[in-house]
Amino acid sequence: MCSCYYSSVWLHVNTGECNLASKHVPLQYLITLHWFETLFLCVFQRMPAPIRLRELIRTIRTARTQAEEREMIQKECAAIRSSFREEDNTYRCRNVAKLLYMHMLGYPAHFGQLECLKLIASQKFTDKRIGYLGAMLLLDERQDVHLLMTNCIKNDLNHSTQYVQGLALCTLGCMGSSEMCRDLAGEVEKLLKTSNSYLRKKAALCAVHVIRKVPELMEMFLPATKNLLSEKNHGVLHTSVVLLTEMCERSPDMLLHFRKLVPQLVRILKNLIMSGYSPEHDVSGISDPFLQVRILRLLRILGRSDDDSSEAMNDILAQVATNTETSKNVGNAILYETVLTIMDIKSESGLRVLAINILGRFLLNNDKNIRYVALTSLLKTVQTDHNAVQRHRSTIVDCLKDLDVSIKRRAMELSFALVNGNNIRGMMKELLYFLDSCDPEFKADCASGVFLAAEKYAPSKRWHIDTIMRVLTTAGSYVRDDSVPNLIQLITNSVEMHAYTVQRLYKALLDDISQQPLVQVSSWCIGEYGDLLVSGQCEEEEPIQVTEDEVLDVLEGLLVSNLSTPVTRGYSLTAIMKLSTRFSSVNRIKKVVSIYSSSIDVELQQRAVEYNALFKKYDHMRPALLERMPIMEKTASNGPTEIMQTNGETEPSVPDTKHLPLVTQPANQANDLLDLLGGNDVVPVIQTTLPTKPASAGGELLDLLGDLSLSGGLAPAPSVPVSQPPFLLDGLSSQPLFNDTSAAIPPMTAYSKNGLKIEFTFERANPNPNIAVITIHATNTTEADMTEFVFQAAVPKTFQLQLLSPSSNIVPALNQGSVTQVIRVLNPQKQQLRMRVKLTYTHKGSPVQDLAEVNNFPPQSWQ
Amino acid sequence: MVSGSRVKQAGWPPVLASKMRFMLLFSRQGKLRLQKWYTATAERDKKKMVRELMQVVLARKPKMCSFLEWRDLKIVYKRYASLYFCCAVEEQDNELITLEVIHRFVELLDKYFGSVCELDIIFNFEKAYFILDEFLMGGEIQDTSKKSVLKAIEQADLLQEEDESPRSVLEEMGLA
């Protein structure tokens, strides 16, 4: 009687656990079983059977909140742990399976690692199946525990059941570490030589993994590769080609050795495209596209820089390129691979033209995916086949108008790569138009692309200056910091354009003073060439009539405008100072300078104090110090000469670090600031002494004036901040100097509690004034890091909110860094902004959660 | 002739080796349904990458192309009903064939479960893993025939059932 119950419950246990689709089990049956289980428990008084996997999943899915789910899981985990402790063999498999489910939900499951190993060692296939699955999910080569598996895998590789052998091969091929691979490579090699295709295909891929992990084991597999390609089974054939590819890529000797296989590979490919319909391997009318693509890729490697092999595959490539049916994605996948092979090997020129034309056709395809790969591959070939790609220019430029960002980005890169001396005017027109209308994420890259292309191919100086000014007016807040000194240098060096430039810039300033880089360049130029502006000497266009006072009004306006950043104010004050030798209204200038010698902005104050001293103690030197800037020598840091590394005809003369168009705010802002000020502002004052060494000039000036104790090493050494006088540092580090628009809307503290402080800075997206771009900066004053930091925000229904991904999820202790995250709020009705924020993080090991309401947004952020 | 073969050194043409780094299945609501990592990655990094990637992919509009560049990887994704299938491949990989790989996996699931839906994958996640492991290994296709993959899975399932089929009462009592 007892054993009868036992057997039934046993069945029940296994049904629940292993006949995994419980939807197939009739309900009635389950109820009966349940009754048996209860009876069983009454009789034996043992621990209750753990709930079944499906039941657990069902229960967890009923949880309405995260907290509820966490509670359920904690309870279940406790039960599982105690079951593990009791070495309960019956339910181990079920428990591990449940653990794997919880692991997928993101809960810790490492305590199941050893249990997986026990399951693998079990005799039952079910146990092994779940055990190996668990090992692949919970273990990897960085935990030594995985080595305990080696022996089990070795046994299973020699098991009598092929499916057990398959499990072992799969696990080894997925997560085997180099030690494991060394130990088991022999077994893999043996299986690679069996006649059983089920094992052979797995062994081939396992060998690929072994080679990736331990390249010196490669030769071991060489004898077994001999007959691989004569295999009829497509699984074995496909995996063999993968194995051969791996070997050829890893070793030049192997590549040489396997070149003799080209005719055989060509034959297989030919048979594939010629063969009639074979239902087993057909995908939308194309026979085995996966194998075709793999063979094409191997041919590419074998034919690369080898004339004979390339010659041997020319015909078949042409055949594939012309005969492949392209109405479906599969056909295009093959065609795409063929194009890549043609471009990579030493193919005939006719074939190359054919390949580029295929890409040209791809560009016109309705399917976005196809257009994307066309742009990507054209970008790869633009260096070698520049003229052929050039023919598709108009189609490529059209892709700039595509709505899909992936395609837009590719089209932009390719457009820049296609710019040359002949088409620069037309291309720039398109690209400037693109810059005008594109998403903010493109502006920085596009602006640097325009700068670089203009520098390289500008047809005239005037065109060059106009183009850069255009960029500054349309995308001013997105350009890299060094574009200001670059433009200033360009202007200085174009002597005949000075009057024209200063007039244009003055007009631009009257229109808009929010684009900081433009304002900075304008201020600099007005300071430098103010006399030309007032005297109306412009020859290029009709001179404007302005008085000295009007010019000074504009510059003083910049000093007080809340749109100006501190850097801009610095430029403006220096410009005013320079005008003291170019204009007659010296008294007015003296007054302005003396007002700012008590400014709360230390940077500005310092300048004003220095200039004051220049008026008082060193007035005799003033005219000489403020003379016009000489023509600057071109330095490496000014104006990189390459175009985004994608253009073919570039000279690698400039260090690569200068080519990161993505970096809009260099990490060391303080450094750049000092360079900037030192390089372009302060230099003119002492040009008589040191005209070509701008970096140290700032310090020299200070020495000269002698009323401030800053040392000459100030500019080049901001990386050792401690050595510098603290007040200057305060000024540099506490203000977001380069975040131009943040000056327009004051930052606010949204949250400050338990050492966590969250600040909001604002920016209004230019193309759409209804979008407020808020950047959060989270800092942590406590002595422990805050980990798993998650910031969430909610807004009322009239708004829409988009939370971009954070810079990190750890807020470092002691204010040693911050986490930033961008929030975009769409506020079409311009209502007062309100926000509810939720913060979760782990601090000193314990989870913290807090809610807060943020209502005190500055009106500028939403009006 | 190949004895003492040199292993690739710097300067040799760039490795074309393509490798799928991972495959993820997640729902429209951002719930992870399946994850397969083909390179060793720390648990913490996995979580971070999954979260980040889900955000990026879910933010894309339905008509956009199926590829995006993310970190140093190329993401190929496709949405099937409520589920996103998302593969991370390397620079040199053929994105279009990766889409076919995803599609083949979906077909296999569909055949196995019989018009598969998200719930099938939630409740039978381990089956989905078994199918994936029978189809791909280390990110490479094991067999290009749907039939042989499904046959292998069925056979293995049978083996599992044998394991569990109830022994007769007599057997249980040691009388058989």
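Of the 176 residues in chain B, 57% count as buried, that is, under 20% relative accessible area, with exposed meaning over 50% and partly exposed in between (1.4 Å probe, protein chains only). The model is predicted, so local features need pLDDT of at least 70 and side-chain atom pairs count only at pLDDT 80 or more, while totals for chains, interfaces and linings use all residues. Residues are numbered from 1 along each chain as its sequence is written, chains are lettered from A and ligands numbered from 1 in the order in which they are written, and side-chain values use heavy atoms, with hydrogens and water left out.

**Chain B**

The secondary structure of chain B comprises six helices and seven strands; helices (H or I, at least four residues) and strands (E, at least two) are DSSP runs, numbered from the N terminus. Along the sequence these elements follow the pattern β-β-α-β-β-β-α-α-α-β-β-α-α. Among contacts (heavy atoms within 4.5 Å) in chain B between residues at least 6 apart in sequence, 48% join residues at least 24 apart.

**The interface between chains B and A**

Chain B places 89 residues in contact with 104 residues of chain A. The area buried between the two chains is about 8,600 Å², and carbon and sulfur atoms give 56% of it; buried area is the accessible area (1.4 Å probe) that two parts lose on being put together, summed over both.

Between chain B and chain A there are nine salt bridges, a salt bridge being a side-chain nitrogen of Lys or Arg within 4 Å of a carboxyl oxygen of Asp or Glu. One of them joins Glu134(B) to Lys202(A).

Several elements of chain B each supply at least two residues of the side that touches chain A, among them strand S2 (32–37), helix H1 (43–58), helix H2 (95–113) and helix H5 (146–164). H5(B) gives the most to this side, with 11 residues. The residues of the side of chain B that touches chain A divide into 37 nonpolar, 17 polar and 35 charged. Here Ala, Val, Leu, Ile, Met, Phe, Trp, Tyr, Cys and Pro count as nonpolar, Asp, Glu, Lys and Arg as charged, and the others, Gly among them, as polar.

**Salt bridges**

Side chains of opposite charge can pair when their charged atoms come close. The structure holds 58 salt bridges over all chains, including those tabulated here.

| Salt bridge | N to O distance |
|---|---|
| Glu134(B) and Lys202(A) | 3.0 Å |
| Asp402(A) and Lys368(A) | 3.3 Å |
| Arg104(B) and Glu107(B) | 3.5 Å |
| Asp398(A) and Lys401(A) | 3.6 Å |

A salt bridge joins Asp402(A) and Lys368(A). This pair links distant parts of the chain, 34 residues apart: Asp402(A) lies in the loop between helix H21 (393–398) and helix H22 (405–418) of chain A, and Lys368(A) in helix H19 (residues 368–381) of chain A. Both residues, Asp402(A) and Lys368(A), are buried. Asp398(A), by contrast, counts as partly exposed at 47% relative accessibility.

Arg104(B) and Glu107(B) both lie in helix H2 of chain B, three residues apart, about one turn of the helix. Arg104(B) is buried, with a relative accessible area of 3%, whereas Glu107(B) counts as partly exposed at 25% relative accessibility. Elsewhere, salt bridges that share partners join Arg212(A), Glu246(A), Arg250(A), Arg294(A) and Glu140(B) into one network.

**Strand S8 of chain A**

In a regular strand the side chains alternate between the two faces of the sheet. Strand S8 (residues 819–826) of chain A has a covered face formed by Val819(A), Gln821(A), Ile823(A) and Val825(A), and an uncovered face formed by Thr820(A), Val822(A), Arg824(A) and Leu826(A).

S8(A) pairs with strand S5 (residues 771–780) of chain A in the antiparallel sense over eight bridges; two strands pair if DSSP finds at least two bridges between them. Within S8(A), Leu826(A) stands opposite Ile771(A). Strand S7 (residues 800–803) of chain A also runs antiparallel to S8(A), joined by four bridges, and Leu803(A) stands opposite Ile823(A) in S8(A).

**Thr225 of chain A**

Thr225(A) is found in the loop between helix H11 (197–213) and helix H12 (234–250) of chain A, and is buried, with a relative accessible area of 7%. The side chain of Thr225(A) reaches the backbone oxygen of Leu222(A) at 2.5 Å. Not counting residues up to four places away in sequence, Thr225(A) touches Leu243(A), Leu244(A), Met247(A) and Phe258(A).

Definitions and conventions
A polar contact is a pair of N or O atoms within 3.5 Å; within protein, one must be able to donate a hydrogen and the other to accept it, and residues adjacent in sequence count only if both atoms are side-chain atoms.
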